Amino acid sequence: MGNWPNCEESLDAMLDTLLTRDKAFEWLACLSFEQAAYEKTEYYLDHIQDSELSLPATRLKTMTYQKQNRVLESIDLLQKKREYNRSTKERFDEFTFELAEFYLSIAQNSPMNNRKESLTQARKLAGVAARSQGDSLVRQRHDYLLAYSYVLEDQGDKARSLTQREHMQVFNRSSANTLITAARVYGALGNETQALYLLDMAKVKTELGEMPAEQQTLQSRLINAEKESGLAHSRADVFNEQGQQLFVKEAYQQALAAFYHALQLRPALPAIALNMLQTLLVEQQSSYRNVMLNDLVQQIHHSELSETNQQRFARLQKKYPQINELLKAANNASAANPVTPPYP
């Protein structure tokens with residue numbers, strides 16, 4: 001599990017089969033996105049016709065454009081997907097909600113005095129998607145998007161008023177997207193307990209996603225929400241503790257998943273990196289998803305370690321000779337390719 005180089009080899013073999021070709025390209029795009037190889041992600045998704053892109057794959061492509069500062073192309077793609085699905089109300093509404101959420105992400109990444117247009121578009125689109133819908137889940141999704149738009153305008157009272165409605169308090173059937181938006185709202189309103197509860201629910205639902213692009217995009221949104229809500233440190237501590245408990249139980253693959261999530265939230269914390277390193281060594285794995293054993297060794301070696309972590313790293317070096325082999329190889333590479341200082 002988590003051995004992505006092997007996954008890539010298997011997926012490459014699927015590209016020759018017409019029935020699995022689009023799914024293979026979608027998987028390869030997900031692997032590239034997690035490695036922050038956005039041009040490569042786009043390359044794989046471009047092999048799937050826009051009309052054939054699933055909702056999660058469309059979301060992945062818009063996020064890829066956004067990572068490359070190509071916001072207008074994201075909007076254009078979502079508009080096209082709305083038109084393709086205009087005759088199917090449920091899918092049309094889904095893509096309309098996606099576009100509303102995208103406009104909110106634009107507003108979120110803009111200065112306070114430059115958010116008005118994006119927020120207006122988001123509210124208008126969310127209203128269109130929820131129009132004539134009697135479903136309480138649709139109303140809840142609309143109202144949390146609206147509440148988050150108020151948060152982004154620094155209108156906390158309006159956001160708080162919306163959260164107090166009856167249908168806003170029932171989450172057992174809510175989608176991961178709605179839970180993430182709701183967690184952002186409660187985090188901004190200072191209700192950290194509720195925000196953490198909703199993030200936990202969202203994580204469980206994210207892991208149940210059947211499509212690779214669905215899992216990838218929701219995981220990315222979840223981690224961003226944890227970071228932007230100011231909850232990254234506390235969440236990382238929780239997952240690190242979970243990983244340690246799983247390690248003691250010898251559930252190493254589950255421990256790797258927990259340490260991996262913690263490392264995404266606090267990548268510079270040596271204690272988490274050491275936990276991830278030790279588990280990879282026990283499992284005799286050279287990587288887990290986009291985390292490479294060699295990179296972890298170099299990161300820890302160049303970090304300022306507490307005395308306890310220094311002693312722990314020394315014990316791992318003694319027990320696993322490959323750590324010193326990796327460090328020696330890196331030193332030899334540096335000696336063979338010295339950096340020439342600039343002329344004064």
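This is a predicted model: local features need pLDDT of at least 70, side-chain atom pairs count only at pLDDT 80 or more; totals for chains, interfaces and linings use all residues.
## Domain layout

The protein is divided into two parts: domain 1 covers residues 7–230, and domain 2 covers residues 234–333. Taken over C-alpha atoms, the centres of domain 1 and domain 2 are separated by 31 Å. Domain 1 gives 13 residues to the contact, and domain 2 gives 9 residues.

## Between the domains

About 970 Å² of area is buried between domain 1 and domain 2. Carbon and sulfur atoms give 50% of that buried area. The two domains are also linked by charged side chains, with a count of 3 salt bridges between domain 1 and domain 2.

A salt bridge also joins the side chains of Glu226 and Arg235, with an N to O distance of 2.9 Å.

## The cavity

The structure holds 1 cavity of 30 Å³ or more. The space in the largest cavity is about 40 Å³.

Three helices each supply at least two residues of the lining of this cavity: helix H6 (89–108), helix H7 (116–130) and helix H8 (136–152). The lining is made up of Ala100, Leu104, Ala122, Arg123, Ala126, Leu145, Leu146 and Ser149. Sorted by class, the lining has 6 nonpolar residues, 1 polar residue and 1 charged residue. Arg123 is the charged member and Ser149 the polar one.

Terms used. Residues are numbered from 1 along each chain as its sequence is written. Side-chain values use heavy atoms; hydrogens and water are left out. On a 1 Å grid over the protein atoms alone, a cavity is a set of points where a 1.4 Å probe fits but cannot get out, and a pocket is an open set with protein on both sides within 12 Å along at least five of seven lines; lining residues have an atom within 4 Å of a point. Grid points are joined across faces, edges and corners, and a volume is the space filled by probe spheres set on the points. Helices (H or I, at least four residues) and strands (E, at least two) are DSSP runs, numbered from the N terminus. Domain bounds come from an automatic or database domain assignment. Contact means heavy atoms within 4.5 Å. Buried area is the accessible area (1.4 Å probe) that two parts lose on being put together, summed over both. A salt bridge is a side-chain nitrogen of Lys or Arg within 4 Å of a carboxyl oxygen of Asp or Glu.
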